[in-house]
Amino acid sequence: MREILTGGCQCGAVRYRFEGPAPAAYACHCGECKKQTASAFSMSIPMHYDDLHVEVLPSSFETIAHSGKTKHNYFCGKCGTRLWHSGSNPPDNITLKVGTLDDPSGIAPQGHLWVSRKQPGIELDPASDQQLTQPDDLEAWRANLGIRECR
């Protein structure tokens, strides 16, 4: 039986759920992610939006990603909590923000992006996949997180 994972914004106006286990998470240490989280990095789970059951649709705004592509940023219109990002609106593939899960305690990043901009003092798991910037094929990198080649 699959676990039901739930989450939402800080004020509770936007709630979501999906069946777990959650896909492999990653952390991004770029300047934009630091600003959006007001922290040292952002942790995300790549997934299909259709797997997410959302009770109240969030607000959104557009920014330009490092790749030059438009990024749609979804957030609670009441409290401002960033919930997920997508390259399209309506969303198809999203990166769900781990901090919005009701219980993110079992989720550790399997990879790190923009390690070249990591805050001093942040220690990374040496077994994690660490990228100095961003891979050319970000979608393939996300899809392969947590998958180790057998030798």
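Asp-136 sits out in the open: its relative accessibility is 89%, so it counts as exposed, the cut-off being over 50%. Keep in mind that this is a predicted model. Asp-136 is also one of the residues in a patch of negative charge on the surface.

**Around Asp-136**
- Asp-136 belongs to the loop that runs between β11 (129-130) and α2 (138-143).
- The negative patch on the surface brings together Asp-50, Asp-51, Asp-92, Asp-136, Asp-137 and Glu-139.

**Around Ser-116**
- Ser-116 is found in another stretch of loop, between β10 (109-113) and β11.
- Ser-116 and Thr-133 are 17 residues apart in sequence, and their C-alpha atoms are 6.5 Å apart in space.

**The chain as a whole**
- There are 2 helices and 11 strands in the chain.
- Reading from the N terminus, the order of elements is β-β-β-α-β-β-β-β-β-β-β-β-α.
- The radius of gyration is 15 Å, which agrees with the value near 15 Å that a compact globule of 151 residues would have.
- Along the principal axes, the C-alpha atoms fill a box of roughly 45 × 40 × 30 Å.
- As for burial, 39% of the 151 residues count as buried.

Methods: Residues numbered from 1 in each chain as written. Predicted model: local features only at pLDDT ≥ 70, side-chain atom pairs only at ≥ 80, totals over all residues. Heavy atoms only, no water. Patch = residues over 30% accessible without salt bridge, like charges linked within 9 Å, V, L, I, M, F, W, Y side chains within 5 Å. Areas by Shrake-Rupley, 256 points an atom, 1.4 Å probe, with all protein chains shown as cover. Salt bridge = Lys/Arg side-chain N within 4 Å of Asp/Glu carboxyl O. Lys, Arg positive; Asp, Glu negative; His and termini not counted. Charge placed at Lys NZ, Arg CZ, Asp CG, Glu CD. Helix = DSSP H or I, 4+ residues; strand = E, 2+ residues; numbered from the N terminus. Buried < 20%, exposed > 50% of the residue type's maximum accessible area, 1.4 Å probe, protein only. Rg over C-alpha atoms; globule rule 2.2 N^0.38 Å.
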